[in-house]
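Dear colleague,

Please find the structure below, handed over for your study.

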Amino acid sequence: MKRVHFGHSPIPYVFVLPQMLIIGVFFLWPSFEAFRLSFFLEDPWGLSNQFVWFDNYWDVISDENYRAVFFSTVIFSAVVALLSIILALLFAVKVDGLLRLSSTYRPFLTWSYAIAPAVAGLIARFLYSPQIGPLYDFLNQFSTDTWFEPRLDAMDAWLVLASGSIWKQISVNFVFLVAGLQAIPRNVLEASLLDNPNGFRRFWSITLPLLAPTLFFLLVINISYAVFETFGVIDTVYPFGPPSGAQTLVYKVYVDGFKGADLGGSSAQSVILMVIVLLLTVVQFRYIEKRVHYT
Amino acid sequence: MATLILSDICKSFQAGSRAVDSVSIEVGDGEFLALLGPSGCGKSTLLRMIAGLEVQDSGSIALDQDVLDGVPPAKRDVAMVFQNYALYPHMTVFGNMAYALKNRKVPKESIRQRVLEAAELLRLTDYLDRKPMQLSGGQRQRVAMGRALVREPRIFLFDEPLSNLDASLRATMRLEIRQLQRRLGITSVFVTHDQIEAMTMADRLVVMNQGRVEQIGTPLDVYRNPQTSFVAGFIGSPAINRLDPALIPGLPSECVEVCIRPEHLQETGEVDLGLFTIDLIEELGSETIVYGALSGGHALTIRIEGVHTKSIGDTFNVYCEAKDLLLFDHAGARLANTAS
């Protein structure tokens, strides 16, 4: 058998060059810098530094405060990722029936996709504002002994940040889930209509498994959203920082590094965070993806 | 074992056009009925209404004594085989066949037994652990059949189940479905646009056009005695010849169209149709199809048994028997042929 050989042309490399530059400048280089800095102790003015081996890491790990933020981040991320998927799924299922009848709605339903985390944060700030926020007033109607006060109370702040983050992400998940639902062959759903009288069990045994590839994809991107991108929400709702206890790891990296000027410790935190996310992604692909059926 | 009665079914998807227009059909116990018609004639819609996947605007569907109107699909005791099989891609062959039974709370051991029996019948025993993706078209088709079979439904619905198969497999499956249906004696409704399928499989066939029933009858009856001009043209391959009534003297005045089957045109007979010139000959071995035109330019197709000796460009006089002529009025309805 004779194989066809194509001459190597430099053009494909030229095409991927801009993307590679972006990855290099905004991801690889900072990552490398963070990794390097995590071994140094820097003076507050950035004028000198000293190689300290793993001291920064020991400091982070032995810090009680860091461990507290770590656990609150785990809970925050899990709640944000799961609730934004579940709520979006609920909406998508409701809309799916309508869309099969009409395609007029579709563009309108995807508009909210374009909202940036910072904008979502601003909206949450207004909604929960003590002066003009309707949700602030609404929630305070129910409080008897304790006042709903997200500027001071960590639990209330946590609620504001989580709801803002979930609200922003629902639209993204919704668009993917609607597309996923629409891609399920109509005949398969009709066959299940003949085979199974129970609507909920039909959804559980046919629709959900066929949606699994979309759900898995969303799980991966939602966890990384909840861990990293919610920084935008936190920073816009609380320009001077949330009440302690409502921080996330990413926010703490920022605060310690840029406000506390502890570049080495902040870099060590970043590296730990990277390793955690890496492990999480490996776990997702190794254990959860096995149960996903791709058609 | 069931009798299906459709009475005066109407359905429209857009105002002003009827997808199904006042259809009344009775399907006898154990009968194999084919719904035949061009695409868009409403045959699939009718089938989907029997299954409960569409709801009729008016009219009633009954299975034996049970009126099905408003009954959800899963409670109708109806099984359907879809055109693209509609297998559950994430389940094994066993899972696909067992699914409906599981949802009906059939005991596990009984499910197993019924699935294994159906698999045996359909030669699927070796594939029970496979996913639909790992099967060939014919095997998927059989799984779809099996899924319907294990339910032991009162009625089988087939929505063009053979149209995704290649020609030779289609012929085999045609035979298999027919034998299986006859053995089990389950009332069946089979939708197809393929007249060979309809003619070879059905006890009776219903020819539909533009939402209306044109004719109901046995395959031979529909072939020999088309009640409308549409049926005459739709059934039969090669297609029936349509003639100008002016060619034949002595026809009733309301006759605007005369049809005659290609096999009824001969070189001798009562009625002389004129001089015919051969344009093209198709030799099929058992028969020969001759295409050509009369001297007036009127195209004709003639079917001759066996092989014959003519060649392109030959001319001869074409005749037919008066009793073989099918006469239609301006509305396309059949007129009595006074010669027969």
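In chain B, four strands make up an open antiparallel sheet, ordered β11-β12-β17-β18. Its edge strands, each pairing on one side only, are β11 (241-243) and β18 (334-335) of chain B. Strands pair here if DSSP finds at least two bridges between them; strands (E, at least two residues) and helices (H or I, at least four) are DSSP runs numbered from the N terminus. Strand β17 (residues 326-328) of chain B runs antiparallel to β18(B) and is joined to it by two bridges. Within this pair, B:Leu327 lies opposite B:Leu335 of β18(B).

This is a predicted model, in which local features need pLDDT of at least 70 and side-chain atom pairs count only at pLDDT 80 or more, while totals for chains, interfaces and linings use all residues. Residues are numbered from 1 along each chain as its sequence is written, and chains are lettered from A and ligands numbered from 1 in the order in which they are written.

Chain B is assigned domain 1 (4-233) and domain 2 (240-335), with bounds from an automatic or database domain assignment. Their centres, taken over C-alpha atoms, are 38 Å apart. Seven residues from domain 1 of chain B and eight from domain 2 of chain B take part in the contact; residues are in contact if their C-beta atoms, placed from the backbone, lie within 7 Å.

Between the chains, 17 residues of chain A contact 18 residues of chain B. On the chain A side, α8(A) gives the largest share, seven residues.

Yours sincerely

Key
Contact = placed C-beta atoms within 7 Å.
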